[in-house]
Protein chains: 4
Amino acid sequence: MPHAHPRPVSQETGSIADRYRATRALTAALIEPLSEADATIQSMEDASPAKWHAAHTTWFWETFLLRDHAPDYALFDEQFPFLFNSYYEAEGDRILRGRRGLITRPTMAEVMDWRAHVDEAMARLLDDPAHGDLIALGIAHEQQHIELLLTDIKHAFSKNPIGPAMWQDAQRASSGQQRGWIDHPGGIARVGQQSVGFAFDNEGPAHRVLLEPFALSRRLVTNGEWGEFIADGGYSDHRLWLSDAWAWLSRCNISRPLYWREEEHFTHTGWRERDADAPVSHISYYEADAFATWAGHRLPTEFEWEAIARGQDAPEESPRFDANAGNQLDEAAPPAPTGTGELFGDVWQFTRSAYLPYPRFAPAPGAVGEYNGKFMAGQWVLKGASCATVRGHSRASYRNFFYPQQRWQFTGLRLAKDN
Amino acid sequence: MPHAHPRPVSQETGSIADRYRATRALTAALIEPLSEADATIQSMEDASPAKWHAAHTTWFWETFLLRDHAPDYALFDEQFPFLFNSYYEAEGDRILRGRRGLITRPTMAEVMDWRAHVDEAMARLLDDPAHGDLIALGIAHEQQHIELLLTDIKHAFSKNPIGPAMWQDAQRASSGQQRGWIDHPGGIARVGQQSVGFAFDNEGPAHRVLLEPFALSRRLVTNGEWGEFIADGGYSDHRLWLSDAWAWLSRCNISRPLYWREEEHFTHTGWRERDADAPVSHISYYEADAFATWAGHRLPTEFEWEAIARGQDAPEESPRFDANAGNQLDEAAPPAPTGTGELFGDVWQFTRSAYLPYPRFAPAPGAVGEYNGKFMAGQWVLKGASCATVRGHSRASYRNFFYPQQRWQFTGLRLAKDN
Amino acid sequence: MPHAHPRPVSQETGSIADRYRATRALTAALIEPLSEADATIQSMEDASPAKWHAAHTTWFWETFLLRDHAPDYALFDEQFPFLFNSYYEAEGDRILRGRRGLITRPTMAEVMDWRAHVDEAMARLLDDPAHGDLIALGIAHEQQHIELLLTDIKHAFSKNPIGPAMWQDAQRASSGQQRGWIDHPGGIARVGQQSVGFAFDNEGPAHRVLLEPFALSRRLVTNGEWGEFIADGGYSDHRLWLSDAWAWLSRCNISRPLYWREEEHFTHTGWRERDADAPVSHISYYEADAFATWAGHRLPTEFEWEAIARGQDAPEESPRFDANAGNQLDEAAPPAPTGTGELFGDVWQFTRSAYLPYPRFAPAPGAVGEYNGKFMAGQWVLKGASCATVRGHSRASYRNFFYPQQRWQFTGLRLAKDN
Amino acid sequence: MPHAHPRPVSQETGSIADRYRATRALTAALIEPLSEADATIQSMEDASPAKWHAAHTTWFWETFLLRDHAPDYALFDEQFPFLFNSYYEAEGDRILRGRRGLITRPTMAEVMDWRAHVDEAMARLLDDPAHGDLIALGIAHEQQHIELLLTDIKHAFSKNPIGPAMWQDAQRASSGQQRGWIDHPGGIARVGQQSVGFAFDNEGPAHRVLLEPFALSRRLVTNGEWGEFIADGGYSDHRLWLSDAWAWLSRCNISRPLYWREEEHFTHTGWRERDADAPVSHISYYEADAFATWAGHRLPTEFEWEAIARGQDAPEESPRFDANAGNQLDEAAPPAPTGTGELFGDVWQFTRSAYLPYPRFAPAPGAVGEYNGKFMAGQWVLKGASCATVRGHSRASYRNFFYPQQRWQFTGLRLAKDN
């Protein structure tokens with residue numbers, strides 16, 4: 001979340017108004033194939049219903065833009081803030097997170113009416129440069145929820161014994177990744193938000209860090225390699241695991257990545273045979289760390305990863321979910337990591353860095369200050385972007401973060417080593 | 001569940017085929033106003049989704065009638081038994097009870113197709129007297145699920161902060177109940193299943209019990225009286241409560257019936273002002289027992305209640321949900337206790353009898369033997385019938401049963417005293 | 001608990017003062033071999049430390065006799081009531097039950113000083129007939145705690161991997177039980193408290209019940225028979241188990257009685273080989289019920305058991321713990337069921353009767369009214385007495401009660417059948 | 001844990017044999033005033049019984065020195081490893097952590113016999129330089145357990161409503177701390193283990209870090225300042241708290257430091273009035289972070305703290321528990337922070353650094369490799385030393401670590417700010 005970014009939004013193509021409309025259209029397109037029930041249920045506390053995502057993103061626009069900045073704007077429904085505020089304490093009470101799946105009313109149609117109402121009101125604010133930063137934040141926020149919507153519905157479908165599919169198409173084959181290491185000489189590196197373009201507040205302030213010589217793998221760890229780890233008894237050798245990890249493993253009976261069963265894994269196209277060459281995904285930090293230890297290497301720090309990634313942002317062809325592409329969801333391309341050979345766009349990659357504030361970091365004043373800073377405890381930084389990440393979110397300074405046991409995102413790993 | 005009832009089904013009007021069709025139609029009619037999402041969610045482990053009720057009742061017919069007795073019948077879908085078996089261990093594995101709300105597929109339309117498919121196949125069995133008892137059981141089973149469907153959806157709607165309504169009509173006024181006591185001289189009474197008509201296996205065998213002289217109140221305890229109990233500090237006086245009850249009260253912060261808030265309570269027509277003269281409902285055994293102690297009286301035993309009720313079964317005008325009435329759900333009459341003055345038809349009435357087997361009781365062989373007997377531990381017998389009970393379930397020997405802390409059924413109480 | 005027993009205490013030998021002193025001495029004798037640590041720890045919430053039993057029984061005398069009836073008596077320590085009240089809500093706040101094992105101070109020596117102080121003050125009240133009933137209750141109360149002390153310390157020792165022993169002697173051999181059934185013709189039987197002698201309030205009022213013809217086994221089920229039940233797959237055949245039982249079995253991984261491992265079981269003399277002919281003990285109601293079903297029989301009701309037991313009370317030679325025997329604990333006789341052939345004195349026998357109030361039952365006024373009545377929910381009646389029961393507690397009307405999953409008492413079963 | 005420290009142990013006074021004996025004597029001296037029961041109980045899973053500490057430290061010597069390096073040494077008791085291994089997976093199974101309080105046998109006397117036996121056998125190894133590093137680790141290990149023993153028994157006593165005291169003396173008055181800030185210009189600093197003396201493996205390898213200009217407070221936050229934080233509504237203002245912290249606060253009803261009640265707090269000398277000028281202690285990371293935010297400052301990183309602390313190690317007069325002082329426990333000086341004005345010796349000070357491996361860190365091979373590395377997830381680094389820390393543990397590179405909600409250590413905070 002940006003608390004003072006007085007600079008042109010140049011990194012992204014298209015005007016901010018175009019990007020607003022494309023993002024809103026993408027949310028709608030993703031919900032379109034879902035039934036009213038698909039869009040309403042909540043399969044675990046970490047996940048949210050698709051309808052809730054559609055509504056919460058709308059609440060964000062209505063609250064922080066329309067209510068605060070559009071003269072005479074009246075709330076569409078006085079009850080919606082209680083239902084669709086996520087975690088903004090400053091914005092008042094809200095429904096318990098674990099009860100989001102009980103909101104069968106308002107219906108999806110009513111939520112879509114609300115979306116249309118808000119879009120119409122927003123149209124009058126989009127071109128006002130005074131709100132540029134806040135609108136850029138709102139777009140980034142909705143794009144993050146698009147990724148969550150995709151991973152949350154995947155989780156929900158995976159819990160249904162009959163394994164529904166959101167896309168009907170078969171998976172694409174893995175691309176094949178380059179082997180080898182990218183060396184880095186160490187020394188002082190500059191990290192954090194770049195001078196132009198949108199960034200969240202947790203990416204700044206930019207600052208210098210001191211690196212030791214290291215190397216980062218050119219490739220992501222694959223399903224095939226993970227199979228070797230399992231075959232070698234990786235999940236039953238306590239020496240590979242952190243203490244908390246071993247307790248988690250035992251308590252939850254973990255013996256393979258989320259969504260694996262025999263030779264298959266669950267995807268947006270249902271149960272499919274795993275591709276040995278595709279990057280492994282849906283693993284926890286605990287598993288990533290144990291694998292790295294088993295492999296005789298380690299995870300990179302967030303700064304090592306960023307130092308390598310500088311200058312490699314956002315290749316045109318990846319990742320898949322492009323908010324600039326208009327409102328057509330490419331139905332031929334369900335999100336699935338294939339091993340593009342890029343740093344960005346297949347899976348979020350765990351680092352060994354705890355998610356903590358950068359020097360001189362301060363959250364923005366007011367409710368939007370709750371966007372990132374208050375989560376800086378107990379979570380780990382992930383870098384890159386996944387096959388379910390909307391395009392504008394692929395940049396070297398981006399810091400995604402999750403708890404060490406969470407697995408329902410497209411999370412994987414890339415090894416590092418000391419030189 | 002009957003394991004040998006070679007006798008005419010005379011108590012109910014209409015042929016068994018008519019009753020089958022009326023019951024099936026009633027289930028469908030109740031689901032009709034629900035959205036796909038309303039019918040899919042599960043608001044607590046005790047409750048089930050409406051769609052699940054529609055499917056589970058169909059599974060019962062398909063499994064115990066069609067699969068076992070219809071030549072050449074093929075299962076509609078091989079995956080459905082796993083999804084829609086409730087608790088019949090002998091019928092194999094099934095989805096965890098707490099995950100019933102994740103079954104967004106099959107859709108409601110697919111379940112309705114299944115229902116039609118089963119109804120068509122059942123048509124060929126309905127007139128075969130060889131299956132009469134099993135069909136009577138299936139009808140009774142589906143009627144029980146109709147009551148659960150009504151109370152489960154009420155619970156689900158109550159969890160939505162905007163309080164959706166299933167019916168739009170206002171409540172009817174309470175009828176006003178007679179005061180006074182019905183005396184009984186005590187002595188040997190015959191209890192348990194009557195000589196004619198359908199009965200569940202837990203209602204038998206008929207046997208004799210010895211009663212002391214007692215009296216049963218002519219009236220149900222009302223909302224107004226419950227208000228006095230609260231005002232008198234009933235919920236904070238440990239002397240009124242069983243030890244388990246007091247622990248439950250403290251742990252769950254209980255200080256009033258389920259669905260109460262200030263002067264209102266939640267109903268099938270949304271939040272409504274409470275009628276002081278209407279019977280109190282949605283209370284637990286623990287609360288019923290404490291109230292009776294506070295009032296200086298006690299709850300009746302199941303046998304005392306039955307002794308009084310003999311000969312009073314099933315008055316024509318109550319209860320409200322009549323499977324014989326055809327497939328029209330009377331939209332003017334949402335289920336709500338009004339105080340009819342009858343023993344049957346307002347609320348299920350807690351007795352002080354634990355739910356235990358009658359002398360010489362034996363469950364039926366096979367999977368249907370799991371219908372009642374295996375629940376004979378830790379639960380309490382309730383007598384009567386509620387405003388949400390389908391008509392055929394009002395008889396003196398009927399034994400409903402719930403755990404002492406459960407409150408989401410239309411449960412209330414009628415006082416008794418020693419003479 | 002007696003709420004009006006104006007009758008001579010004739011059943012027990014010796015004066016009430018003698019019985020007071022013998023009971024107090026027995027408590028002290030049982031604690032004597034324990035270390036300060038043994039006497040302080042609490043191995044589960046159901047159990048209490050030995051020191052706590054020694055103190056709580058003293059609190060009972062100090063509170064209900066000395067404080068209420070001894071002029072000028074001052075509490076020994078103002079803090080002790082908070083520490084040593086068990087569950088008497090009317091007597092004010094108290095330490096959480098699960099924290100009883102944290103009371104390392106007062107020390108055992110301080111508790112013994114308190115005991116001596118109270119005994120001295122009690123000496124002046126013991127001969128006053130005005131307090132006879134309350135003193136009889138206090139004696140019965142302390143005798144019940146002697147049994148708990150024995151079973152609680154057994155449980156605590158069982159949790160120590162090195163298996164400490166409280167007695168060093170080997171077990172006695174089983175006596176061998178008679179085979180066959182005791183028939184009863186049914187009809188009206190009188191049950192409940194007898195006309196003379198002490199009884200708890202839950203044993204009354206005496207009343208009539210109607211029995212069907214039945215038979216009660218002459219013998220208790222043995223370890224050997226239980227082994228056959230296990231070998232026959234008893235713990236994995238869902239058809240034998242109540243629904244709650246099956247859930248408990250699965251959740252807690254139950255596959256044998258408490259304290260069994262391979263061919264041994266844990267006893268007060270440490271780990272010992274099991275005697276196939278000795279009565280099985282440390283089973284739950286759930287297990288007793290499943291065994292009876294497996295055996296093709298059933299558990300008796302509490303009234304059936306009592307009807308058979310009338311006239312057979314308290315044979316001289318059993319049970320082992322005799323408060324009249326003076327303060328010498330017979331170290332040659334650790335409590336262990338051997339199969340005496342008597343109804344009383346080996347193991348408490350589960351009935352199929354829920355623990356509920358008798359007709360016209362009313363608890364005593366005041367705090368002592370909390371003794372029994374408030375536990376009348378969710379528990380089951382056990383009859384007989386165990387090898388750890390003090391002698392005065394063997395009578396036909398005695399109603400012991402536990403939750404259906406509890407196993408740390410000497411609990412077993414005797415089969416019944418319909419005639 | 002040191003995995004290659006081929007250097008003289010010079011930092012500590014006295015020979016390694018002297019330090020061994022002094023440390024062992026200190027453990028024994030601290031246990032001496034405890035009763036058998038005091039030493040046996042476990043008040044929460046995080047804490048261990050005093051007897052367990054005495055035994056576990058002995059197990060460490062027996063396992064890693066005597067078993068592995070003393071020819072012909074036979075284990076004192078084959079059952080003790082199961083009882084007294086803490087968390088070394090490589091050393092086999094062990095009793096569940098939460099059951100350590102059930103080990104009433106072996107008795108304290110038996111454990112002391114074991115200690116004497118091990119000390120005698122160790123005497124023959126102490127002067128062998130081949131084992132110097134491992135012995136230094138064993139001493140450091142036992143010294144860490146001395147601090148735990150002190151904080152664990154304090155916790156246990158605090159749970160007893162009568163508030164026992166381990167020392168009888170009154171607290172000493174606070175010393176009064178200097179005000180103001182210590183400035184640091186930033187730049188590259190060298191951190192991690194020093195060139196001489198013992199260090200744990202987690203303190204190395206030494207490496208360089210880049211610091212921004214900052215200042216560290218000369219003083220610890222005091223009880224008086226914490227009172228102002230409370231009075232200002234600090235515990236109810238969500239804006240001050242991390243998201244996990246706010247959830248913890250709400251779930252556990254936290255509104256003040258551990259051991260506070262009204263104007264008092266619990267100490268090793270019982271309940272005492274708080275000294276406003278003494279450093280606050282027994283706070284969690286969550287609270288420390290919220291306080292710093294409230295104060296308009298922040299916590300230091302572990303490297304900032306270390307950069308300031310270089311050259312200030314271990315002033316002679318603090319901390320209080322000096323293993324070199326011989327086996328006399330100074331009964332006049334129970335551990336209590338008084339505000340010495342030193343960086344070391346009052347309370348452990350939370351940093352904002354997650355506990356993670358230093359670059360090129362690798363755990364030692366074998367079981368001792370489990371000492372530190374496997375805990376590098378989810379915990380936070382604390383610097384300094386507390387009033388309960390044994391003298392040899394005060395050094396700039398020392399990294400203590402705890403979970404963010406843990407409070408039973410002497411934990412406090414020292415503010416930092418950006419310059």
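Is A:His141 buried or exposed, and what is its relative accessible area? In this predicted model, A:His141 is buried, with a relative accessible area of 3%; a residue counts as buried under 20% relative accessible area, as exposed over 50% and as partly exposed in between, with a 1.4 Å probe and protein chains only. Local features were taken at pLDDT of at least 70 and side-chain atom pairs only at pLDDT 80 or more, whereas totals for chains, interfaces and linings use all residues; side-chain values rest on heavy atoms, with hydrogens and water left out. Residues are numbered from 1 along each chain as its sequence is written, and chains are lettered from A and ligands numbered from 1 in the order in which they are written.

A:His141 belongs to helix 5 of chain A, which spans residues 132-158. Helices (H or I, at least four residues) and strands (E, at least two) are DSSP runs, numbered from the N terminus. Beyond its neighbours within four places in sequence, A:His141 is in contact with A:His56, A:Thr57, A:Phe60 and A:Tyr371, where contact means heavy atoms within 4.5 Å.

The arrangement of the chains was examined next. Chain A is superposed on chain B by a rotation of 180° with 0.1 Å of shift along its axis, and the RMSD is 0.0 Å. Such superpositions are made by least squares on the C-alpha atoms of residues with pLDDT of at least 70 in both copies. Within chain A, A:Ala37 comes closest to the rotation axis, its C-alpha lying at 2.0 Å. Since 100% of the interface residues of chain A are also interface residues in chain B, the copies meet through the same surface.

Chain B can likewise be laid on chain C by a turn of 180° and a shift of 0.1 Å along the axis, with an RMSD of 0.0 Å. The two copies are therefore related as by a two-fold rotation axis. In chain B, the residue that comes closest to this axis is B:Gly378, at 2.6 Å for its C-alpha. Of the interface residues of chain B, 100% are also interface residues in chain C, so these copies too meet through the same surface.

The interface of chain B and chain C places 33 residues of chain B in contact with 33 residues of chain C. Between them the two chains bury about 2700 Å², of which 56% is on carbon and sulfur atoms; buried area is the accessible area (1.4 Å probe) that two parts lose on being put together, summed over both. On the side of chain B, B:Leu210, B:Glu212 and B:Arg360 lose the most area to chain C, together 22% of what that side buries. Zero salt bridges are found across this interface, a salt bridge being a side-chain nitrogen of Lys or Arg within 4 Å of a carboxyl oxygen of Asp or Glu. No contact joins chain A and chain C, and their closest C-alpha atoms lie 14 Å apart. Chain B and chain D are also without contact, with their closest C-alpha atoms 14 Å apart.

Strand pairing was then considered. Strands of a sheet pair through backbone hydrogen bonds, either parallel or antiparallel; here two strands pair if DSSP finds at least two bridges between them. In chain B, strand 9 (residues 380-384) is mostly covered, as five of its five residues are buried. B:Trp380, B:Leu382 and B:Gly384 point one way from this strand, while B:Val381 and B:Lys383 point the other way. Strand 9 of chain B pairs with strand 8 (residues 348-354) in the antiparallel sense over four bridges, and B:Trp380 is the bridge partner of B:Ala354. Strand 9 of chain B is also joined by three bridges to strand 10 (residues 400-402), again antiparallel, with B:Phe401 as the bridge partner of B:Val381.

In chain D, three strands form an open sheet in the order 1-4-12, with antiparallel pairing. Strand 1 (181-184) and strand 12 (416-418) of chain D stand at the edges with a single partner strand each, so one side of each is left without a neighbour in the sheet. Four bridges join strand 1 of chain D to strand 4 (residues 214-217), including the one between D:Asp183 and D:Ala215.
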